[in-house]
Amino acid sequence: MRDTKSYIKYIKSIPCLVCGHRPVDPDHLSHRGSAGKGKTITGTILDYSCVPLCRIHHSERHSSGLKKFQERYRINLWKEAHTLLRRYFDKD
């Protein structure tokens, strides 16, 4: 299995799923609720639940919540995350 750092690099190479702009932030759909302030989840299996969103859409997704964001942009981020993960592992 590849390391999560290379997956994050892959996610950062893809344009924003909403507007197509770059650069993007890897937006984690899953997160460790008990991680606490200042702690990171980078380098964990949770990194595989990332989708590429530009800074504006990343911030909006966090402020509006997943459901409202998906409804507004007519996108299923979990489906997109799954598709990206499959492409990543199939590219070899």
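Which exposed residues does the face of H2 turned away from its buried side carry? That face carries Arg55, Ile56 and Ser63, where exposed means over 50% relative accessible area, buried under 20% and partly exposed in between, with a 1.4 Å probe and protein chains only. This is a predicted model, in which local features need pLDDT of at least 70 and side-chain atom pairs count only at pLDDT 80 or more, while totals for chains, interfaces and linings use all residues. Residues are numbered from 1 along each chain as its sequence is written, and side-chain values use heavy atoms, with hydrogens and water left out.

**Overall fold**

- The protein chain holds four helices and two strands, which follow the pattern α-β-β-α-α-α along the sequence; helices (H or I, at least four residues) and strands (E, at least two) are DSSP runs, numbered from the N terminus.
- Of the 92 residues of the protein chain, 37% count as buried.
- Among contacts (heavy atoms within 4.5 Å) with a separation of 6 or more, 64% come from residues 24 or more positions apart.

**Helix H2**

- Within helix H2, which spans residues 55-64, the residues His57, His58, Glu60 and Arg61 are buried.
- These four lie on the same side of H2 because they cover an arc of only 165° around the axis, the arc being that of the directions from the helix axis to the C-beta atoms.
- An α-helix has 3.6 residues a turn, so residues three or four places apart point the same way.
- The buried residues of H2 pack against S1, strand S2 (50-54), helix H3 (66-73) and helix H4 (77-90).
- Gly65, which follows H2, has a positive phi, near 95°.

- Leaving aside residues up to four places away in sequence, Cys54 touches Cys16, Cys19, Pro23 and Val24.

**The loop at Gly20**

- Gly20 is placed in the loop between helix H1 (4-12) and strand S1 (24-28), and this glycine is partly exposed, with a relative accessible area of 41%.
- Although Gly20 and Leu53 are 33 residues apart along the chain, their C-alpha atoms are separated by 8.6 Å.
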